[in-house]
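Subject: Structure for you, with notes on its pockets

Hello,

Here is the structure I said I would pass on. My notes on its pockets follow below it.

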Amino acid sequence: MLNKANLELGMSPSMIRRLFEYSKKRKEEIGENNVFDFSIGNPAFKTPDKVTNELIDLIKNTDPVVLHSYSSSSGIDSVKKVINNNLYKKYQINVDEKCLYLTCGAAASLTISLHALINEGDEIIIIAPYFPEYKIFIENAHGKVVILDSEIPSFLPNLVNLEKLINEKTKGIIINSPVNPTGVLYKDETLKQIADILNKKQKEYHNNIYLLSDEPYRELIYDGLSYPHPASYYDNTIICYSYSKSLSLPGERIGYIALNDKIENKQELFYAICGSGRALGFVCAPVLFQRLIERVDTNLVDINLYQDNRDYLYHELINIGYEVVKPEGAFYIFIKALEDDSYNFIKKALKYELIMVPSDSFGVKGYARIAYCVKKDLIEKSIESFKKLYLEYKEKRNE
Ligand code: PLP
């Protein structure tokens with residue numbers, strides 16, 4: 001008898017993955033440029049030249065034995081030092097480089113952290129709309145998922161309800177700003193209020209409540225906005241970072257866990273993270289890419305390309321008549337479906353070769369997510385299809 005939960009998981013890929021596979025098949029049938037695949041957050045913009053050049057230099061000029069050797073389980077010390085220094089320079093937050101753990105991307109950062117924190121039955125709060133894998137990561141660590149709703153139309157967390165949801169079993173909350181799937185950025189005020197609530201509840205229950213800050217999009221913010229870092233507001237913050245989007249390296253699987261210096265039981269928590277990484281087999285993140293990060297930690301992709309896509313798509317959708325949440329970051333737009341059932345809506349969109357993800361996958365009803373991390377000409381070409389889809393609904397309403 002195989003593991004039932006994992007068998008079921010493997011046999012039912014996520015809606016995002018299913019749509020991604022559908023789009024691959026459709027592209028083979030009618031051509032790459034005729035399918036408007038907005039399903040997955042796979043950046044279409046290349047990694048910066050500096051990153052490519054440093055990678056080539058590393059391969060050419062490092063002793064291959066050293067280049068491909070194991071590192072310490074938690075990563076290479078000199079890489080940690082660079083990350084640590086840059087975190088301070090960018091956000092004025094202190095993390096202890098001895099408590100940094102290099103990982104295979106944000107998924108691993110989250111999984112390792114959750115396994116380090118959770119005892120069976122502990123609760124982790126996630127905010128709907130949420131990244132669908134959170135539920136799987138938490139349940140796999142034997143935790144209980146508790147869902148906090150967002151206020152509409154701001155899509156900011158409902159803080160009155162946050163206070164009500166926290167109890168003696170609450171171990172943490174996952175925050176992902178800017179948010180996948182809405183692109184909403186949490187500002188100063190929201191983070192302060194969240195911190196106040198968590199601090200109050202920690203005192204009330206004499207427990208640590210950890211804020212897991214899932215940050216794959218923290219550099220992808222627009223309009224000259226700066227990123228308010230959760231660790232500046234709340235001491236018990238665990239940073240779960242990934243270079244997948246910021247350096248356009250999603251297939252290379254590299255990221256890290258960093259512990260805010262002010263975490264009370266930081267050393268103990270780091271041991272639990274090391275133990276969890278070991279138990280899950282997530283030790284020694286890809287060494288070639290660790291060494292690359294040492295050289296290019298802050299060499300970001302060209303954010304202007306994403307902002308340009310955001311501006312164009314947002315304005316076109318609004319002009320057609322769609323109701324859209326204006327994203328301030330990440331590379332997703334959340335549009336209101338033109339009927340209550342977002343599955344039906346995305347099914348109708350498929351007729352026009354538009355591939356979007358229904359919002360039910362993210363824990364809310366009545367919306368669809370568009371991943372606009374594609375080439376701009378594909379977005380331009382897709383506008384006709386968005387118009388046709390809108391007209392189809394309009395005509396039906398007028399019948
Ligand atoms: N968290 C969020 C919110 C994401 O959108 C993603 C990927 O799209 C991840 C985590 C996982 O990122 P990684 O590719 O670094 O594992």
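Three helices each put at least two residues into the lining of the largest pocket: H2 (15-30), H6 (105-117) and H7 (133-140). Of the elements that contribute, H7 gives the most, with five residues. Please keep in mind that this is a predicted model.

The largest pocket holds about 810 Å³ of space. Its lining is made up of 30 residues, and those nearest the centre are Arg17, Ala107, Phe131, Glu133 and Arg253. Sorted by class, the lining of the largest pocket comes to 15 nonpolar, nine polar and six charged residues. Both domains take part: domain 1 (4-48 + 301-398) and domain 2 (63-296) each provide at least three residues of this lining.

The second largest pocket has a volume of about 360 Å³. It is lined by 16 residues, with Lys27, Glu32, Ala44, Val374 and Leu378 closest to its centre. In this lining the classes are eight nonpolar, two polar and six charged.

Which helices supply at least two residues each to the lining of the second largest pocket? They are H2 and H14 (376-398). The largest share, three residues, comes from H14. H2 therefore turns up in both places: it supplies at least two residues to the lining of the largest pocket and at least two to that of the second largest pocket.

Regards

Note on methods. Residues numbered from 1 in each chain as written. Predicted model: local features only at pLDDT ≥ 70, side-chain atom pairs only at ≥ 80, totals over all residues. Heavy atoms only, no water. 1 Å grid on protein atoms, 1.4 Å probe; cavity = no way out; pocket = protein on both sides within 12 Å on 5 of 7 lines; lining within 4 Å. Points joined across faces, edges and corners; volume = space filled by probe spheres on them. Helix = DSSP H or I, 4+ residues; strand = E, 2+ residues; numbered from the N terminus. Nonpolar A, V, L, I, M, F, W, Y, C, P; charged D, E, K, R; others polar. Domains from an automatic or database assignment.
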